[in-house]
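Student: I have the sequence and the 3D view open. Can we work through them together?

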Amino acid sequence: MTARYETNDLHLASTLQCLGLELLEVDRSDPRRVRFVFLDDDQRREWTREYLAGELRVDPLILLNSFRMLKRQIYADAAPSGRMMSVLPGRRASVAGGPD
């Protein structure tokens, strides 16, 4: 079984995603709380420790784009599964595999 890491912290989830951790799903089954589910690994543990200690540094533009993309996924009516959005700087966020 693949190790998974879940958090309901939007800012931590945005940070982990902009660092390249694979987001597996946005679980909206609880109407009061959203859970972000990532593929877990040792690097995630280190990033989380640095994040909580205030030591982690990330590109602010990529972080902002990641934050916006996750918020869109939270409020999407019925987001298709398996579709990821680009959060690269200098590019408009787009759905990979979707129509251009």
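Tutor: D30 is partly exposed, as its relative accessible area is 29%; buried means under 20%, exposed over 50%, partly exposed in between (1.4 Å probe, protein chains only). This is a predicted model, where local features need pLDDT of at least 70, side-chain atom pairs count only at pLDDT 80 or more, and totals for chains, interfaces and linings use all residues. Residues are numbered from 1 along each chain as its sequence is written, and side-chain values use heavy atoms, with hydrogens and water left out.

Student: Which residue meets D30 in a salt bridge?

Tutor: A salt bridge puts a side-chain nitrogen of Lys or Arg within 4 Å of a carboxyl oxygen of Asp or Glu. Here the N to O distance is 3.7 Å.

Student: What is the bridge partner of D30 in β3?

Tutor: Strands are DSSP runs of E, at least two residues, and helices are runs of H or I, at least four, numbered from the N terminus. Two strands pair if DSSP finds at least two bridges between them. Strand β2 (residues 23-30) and strand β3 (residues 33-39) pair in the antiparallel sense over five bridges. In β3, D30 has as its bridge partner R33.

Student: Is D40 buried or exposed?

Tutor: D40 meets R45 in a side-chain salt bridge, 3.4 Å from N to O. R45 is partly exposed at 41% relative accessibility. For D40 the value is 14%, so D40 counts as buried.

Student: Where do E46 and R49 both lie?

Tutor: Their closest N and O atoms are 2.9 Å apart, in a salt bridge between E46 and R49. The two residues are three residues apart, about one turn of the helix. Both lie in helix α2 (residues 42-53).

Student: Which side chain does R4 join in a polar contact?

Tutor: R4 lies in strand β1 (residues 4-7). A polar contact is a pair of N or O atoms within 3.5 Å; within protein, one must be able to donate a hydrogen and the other to accept it, and residues adjacent in sequence count only if both atoms are side-chain atoms. At 3.0 Å, the side chain joined to R4 is that of E25.
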